[in-house]
Amino acid sequence: MSLNHEVGKVLIPSGSISVPVNFQKNYSTIPSIKITTNKNINIFINNVTSNGFSIEKSELEEATIYYTVIGS
């Protein structure tokens, strides 16, 4: 079994609280995801599938979200 791995970043603009993220690689099962941000706000992973996920945040200010995905 080989593992797929990808990293990326996404900008959630001010006034928005959610953004969808599509995986760049194919995963046969739902992968593990880690997210961090450059702001002191709460961020959440939602709607995870084998094709992508969405990120939500607790504040309306702009935030850059960094993510790491590991799966098979």
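**Burial and aromatic pairs**

Mentor: Pro 31 counts as buried because its relative accessibility is 7%, where buried means under 20% relative accessible area, exposed over 50% and partly exposed in between (1.4 Å probe, protein chains only). This is a predicted model, in which local features need pLDDT of at least 70 and side-chain atom pairs count only at pLDDT 80 or more, while totals for chains, interfaces and linings use all residues. Residues are numbered from 1 along each chain as its sequence is written, and side-chain values use heavy atoms, with hydrogens and water left out.

Trainee: With which residues is Pro 31 in contact, leaving aside its neighbours within four places in sequence?

Mentor: Contact means heavy atoms within 4.5 Å. Pro 31 touches Phe 23, Val 48, Thr 49, Ser 50, Val 69, Ile 70 and Gly 71 in that sense.

Trainee: How many aromatic pairs does the structure hold?

Mentor: A pair of aromatic rings is described by the distance of the centres and the angle of the planes. Rings of Phe, Tyr and Trp (its six-membered ring) pair if their centres lie within 6.5 Å; planes under 30 degrees apart count as stacked, over 60 as edge-to-face and the rest as tilted. The structure holds three such pairs. Phe 23 and Phe 53 have ring centres 5.6 Å apart and planes at 35°, so this pair is tilted.

Trainee: Is Phe 53 buried or exposed?

Mentor: Phe 53 counts as buried, at 3% relative accessibility. The rings of Phe 53 and Tyr 67 make an edge-to-face pair, because their planes stand at 80° with centres 5.6 Å apart. Phe 23, Tyr 27, Phe 53 and Tyr 67 together form one aromatic cluster.
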